[in-house]
Amino acid sequence: MTQNSTTGILRYTAFSADPEGGNPAGVVLDASGLDDAAMLAVAAELGYSESAFLTGRNEPGDEEPPAARGYTIRYFSPKAEVPFCGHATVATALALAERDGPGDLVFSTPAGTVPVTVTQEGTELRATLTSVEPDVMDIAPDDLAQALAALDWPAADLDPALPPRIAYAGARHLVLAAATRERLADLHYDFARLEALMHRLDLTTLQLVWRAAPDVFHVRDPFPVGGVVEDPATGAAAAAFGAYLRALGLVPDTAVLTLHQGEDMGRPGTLTVELRAGDARVRVSGTGTRIGN
C-alpha cells in the first residue's frame, strides 16, 4: 500500500494546529473496499499509533441530531485493531469537515456509538467527541507491582492523592500518577515486559499523569501493544482519565480540564476534557490539521 493507492490515505494530526505537534493519524474516508489485512497493512506502513478507516455510511439513531452524518469506523495500530481511538476520531472528523463542512457526526465504533461535533473557530476547526459510557475499576496489587516494575518506577514515586485505577471510556487504560514532573519526564520502560502485562489485562495504554494544577495535567501514554513506544496525544485515555477523576471525587461533577501531552516527545498537544453533571459520558475536544498535501 502506498499514499498513491486508490484507498486515498490522508494524514492528519490531532490536538494541535501545528503539523509537527499533536498525534498523527492516517485517515481513509472510503475503506469499503478494504479487508482487515489491507487496513492493517495501511496502518503498519504509515507507522502512526493508529489510523482510522470509514467502512460505510449509516443513519444516526433517534437520540442524535437529525442532520448528523453517520459512519461506521474502525481503528488499526501497526500491530492490531483497537476498539476505539480518540485522536484518530478527531482526525477523521476534521477531514470530513474540510470536505463536507462542519457539523454533527455519529461514528459507530467497535466500542459503541461516538457522537462528534465539529465547529469553526476563526480559521481553525475544532472537534468534540462524546465517549461511550465509562467505567473505573480497581487494579490487583500484584498487577500494579508488575506495571511499576516494567516502568522501573518505585511505588514511592507515585502521587498518593491520585490512586492507581483501570479506567475505560471505549478502551481500557491504567492510570498511574507521578508525584513530580521529573518522574513523568523520565520514561524508560521494559517494552516486552509491559506489553505482555497489558495484553493480559486488556489495556490499550498506560495513562501516566502529573497534576500541575487542580484542572491542569501533564500526561504520557506508553503504547507497546500498538507497536509504538509512546502515543503523543491520546483522546481515548483522556476520556477515561476524566471518568477516573470524577469517579474518585478528584474534580467537580462539572469541570473543564486541560491535558498537555507530547511535550517530552517534541510533539506538544492540548486535549480539553469536559465533564457534565448528570451525564456519565466524557467529552474530549481539540483542534488539528492536515499533514502534507
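S7 and S8 pair in the antiparallel sense over six bridges, where two strands count as paired if DSSP finds at least two bridges between them, and where strands (E, at least two residues) and helices (H or I, at least four) are DSSP runs numbered from the N terminus. Within this pairing, Gln120 has Leu125 of S8 as its bridge partner. The hairpin of S7 and S8 has two residues between the strands, and Gly122 in this hairpin takes a positive phi near 65°. The model is a predicted one, in which local features need pLDDT of at least 70 and side-chain atom pairs count only at pLDDT 80 or more, whereas totals for chains, interfaces and linings use all residues. Residues are numbered from 1 along each chain as its sequence is written, and side-chain values use heavy atoms, with hydrogens and water left out.

S8 also pairs with S17, again in the antiparallel sense, over five bridges; here Leu129 stands opposite Val284 and Thr130 stands opposite Arg283. The hairpin of S16 and S17 has two residues between the strands, with Gly278 at a positive phi near 85°. Strand S1 (residues 9-14) runs antiparallel to S17 and is joined to it by three bridges, with Thr13 opposite Thr289.

## Helix H6

Helix H6 (residues 235-247) has 13 residues and reaches 18 Å from its first C-alpha to its last, which is close to the 18 Å expected at 1.5 Å a residue, the expected span being 1.5 Å times one less than the number of residues. Twelve of the 13 residues of H6 are buried, so the helix is largely enclosed by the rest of the structure; buried stands for under 20% relative accessible area, exposed for over 50% and partly exposed for the range in between, with a 1.4 Å probe and protein chains only. Among the buried residues of H6 are Ala236, Phe241, Tyr244 and Arg246. H6 is followed by Gly249, whose phi is positive, near 70°.

## Aromatic pairs

A pair of aromatic rings is described by the distance of the centres and the angle of the planes. Rings of Phe, Tyr and Trp (its six-membered ring) count as a pair if their centres lie within 6.5 Å, and planes under 30 degrees apart are called stacked, those over 60 edge-to-face and the rest tilted. A search of the whole structure finds six such pairs. The rings of Tyr75 and Phe84 have their centres 5.9 Å apart and their planes at 85°, so this pair is edge-to-face, and both Tyr75 and Phe84 are buried.

Tyr189 and Phe191 form a stacked pair, with 6.2 Å from centre to centre and 15° between the planes. Tyr189 is buried at a relative accessible area of 14%, whereas Phe191, at 29% relative accessibility, counts as partly exposed. Phe217, Phe241 and Tyr244 form one aromatic cluster, and H6 supplies Phe241 and Tyr244 as buried residues.

## Pockets and cavities

On a 1 Å grid over the protein atoms alone, a cavity is a set of points where a 1.4 Å probe fits but cannot get out, a pocket is an open set with protein on both sides within 12 Å along at least five of seven lines, and lining residues have an atom within 4 Å of a point. The largest pocket has a volume of about 240 Å³, a volume being the space filled by probe spheres set on the points, which are joined across faces, edges and corners. Its lining holds 17 residues, of which Val82, Pro83, Asp202, Leu203 and Thr204 are the closest to the centre.

The second largest pocket has a volume of about 150 Å³ and is lined by 13 residues, with Asp104, Pro115, Val116, Thr117 and Thr130 nearest its centre. Strands S6 (103-109), S7 (112-121), S8 (124-130) and S17 (279-290) are the elements that each give two or more residues to this lining. The whole structure has three cavities of 30 Å³ or more, and the largest cavity holds about 40 Å³ of space; Phe84, Thr204 and Ala236 are among the residues that line this cavity.
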